[in-house]
Amino acid sequence: MKVELQSRKLVKPSDPTPDHCRKLGLSFIDDLLFSKYVGVVFYYRARESTHKIDTRQRLRRLEESLSHTLTLFYPLAGRYVEDGLFIDCNDQGVEFVQAKVDGTLDQLLQGDLDRDLLSCLSKFPPPAANNPLAVVQANGFNCGGLAISLRFSHKIGDMYTMATFMNSWATACRSGIQKVAAPNFELPSLFPAKESAFRQWPALPVQEKFVLARLEFSGLALSRLKAASNSSDSTATNRQRSRVEIMSALICKALISMDRATKGLPRPALFSIPMNLRERVQLKIPANACGNFFAQIITPFAVEETEPTFDGILNLIGEANRNAKSKYAAITGASALRSMVVDSWRDFLNILGRDEANVILVSSWCRFPLYDSDFGWGKPDLVSTASPSMRSVVLLDSLDDGGIDAWITLNQEDMVLFKQDPDIVACTS
């Protein structure tokens, strides 16, 4: 399937950013994060209503509404100034790419997404000091379907921020900019980056031969797993297990089993997952607060002669989550928040480069309203991650009620073993 680039331009805010908003400092969490790009792709099949609007007209509406939306999300149209640790909100613009795909969307969505093809639908910006902070690529298919990708620098926001931006852009395109709720960019002033906690990120464990797989876990399968764990532990805390905890435990068990089989000996394992702090702290946070506002939760698994059980892993993950939620809920000031978040990130960075440990990185995008991004031709038929370049797992709500899609990136050999894991097979068949 060939992807042909048709145009590339910078889309600027339709109105200039006021002078008093031109310089946006970093919050201490922004400062902790790397400048690499994270991506998400939204897939829209052609519908009867869209046949009345040709692809060129829809692309024109996308570009115009993007320009209007950037007047509210003005930091995205700026540039990161590393020496000064701030965003220069200079209205240089977001990169907007239009491409044509020689094929149909149904062809693309059959089976696992080809990672090389996905990277063509959502290109990373080349490394450069003056890069756009966000890149949008609109891909038109022969069938009239669209795949809209968004790449953004982690310096300007987390997945909450990007979901807010996508839904705002979709609302502006569908109903007009006057229907969009204004975002808030006050986190840097509430939690400023006074001094840098650390500057150097470790070399990330990047490999060349990664493959990407989508595993669909239905709400029924997750309910059965939860019921099975409840039958072995009747405590109230076990009955409160979330879908993400259930999924994380299942994936951890499979990856630990696979690691033992390939390495020939048990290794210590470490599980890490980010936690959105907007709903966890008692501090006053503005509504629609955009930027980065999350911490890492790390769960270590000790080396044991026998393989850990699903219930054992689930209990450890659940306990780590409960402890983190309790600690963050008890925070009463910005300095205490900074100390706790910095410690969580320091622990996270310490595990990234550890070859002697089986590091399991999971990101949960569940509960973010990614499937609400309706540009006027219906909600997306699928939302996916955009070809990550390291071993990782991304969890998203599925269209199935209560289900979760796990987007898993592994090397080819590990992926074969992972898909053959009996628990994974039982829950996805």
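Me: Which residues in helix 9 meet which residues in helix 12?

Reply: This is a predicted model, where local features need pLDDT of at least 70, side-chain atom pairs count only at pLDDT 80 or more, and totals for chains, interfaces and linings use all residues. Residues are numbered from 1 along each chain as its sequence is written, and side-chain values use heavy atoms, with hydrogens and water left out. Helices (H or I, at least four residues) and strands (E, at least two) are DSSP runs numbered from the N terminus. Contact means heavy atoms within 4.5 Å. Here Ile251, Ala254, Leu255, Met258 and Thr262 of helix 9 meet Asp414, Leu417 and Phe418 of helix 12.

Me: At what angle do helix 9 and helix 12 pack, and how far apart are their axes?

Reply: Two packed helices are described by the angle between their axes and the distance between the axes. Axes are lines fitted to C-alpha atoms, for helices over the stretch in contact, and angles run from 0 to 180 degrees between N-to-C directions. Helix 9 (residues 243–263) and helix 12 (residues 412–419) pack at about 120 degrees, with axes 10 Å apart. That makes helix 9 oblique to helix 12 (under 35 degrees is roughly parallel, over 145 roughly antiparallel, 65 to 115 roughly perpendicular, the rest oblique).

Me: What is the strand order in the open sheet?

Reply: Two strands pair if DSSP finds at least two bridges between them. The six strands have the order 1-6-7-8-3-13, with mixed pairing. Strand 1 (2–11) and strand 13 (382–385) stand at the edges with a single partner each, so one side of each lacks a neighbour in the sheet. The twist averages 20 degrees from one strand to the next.

Me: In which sense do strand 3 and strand 8 pair?

Reply: Strand 3 (residues 37–44) and strand 8 (residues 146–153) pair in the antiparallel sense over eight bridges. Val38 stands opposite Phe152 in strand 8.
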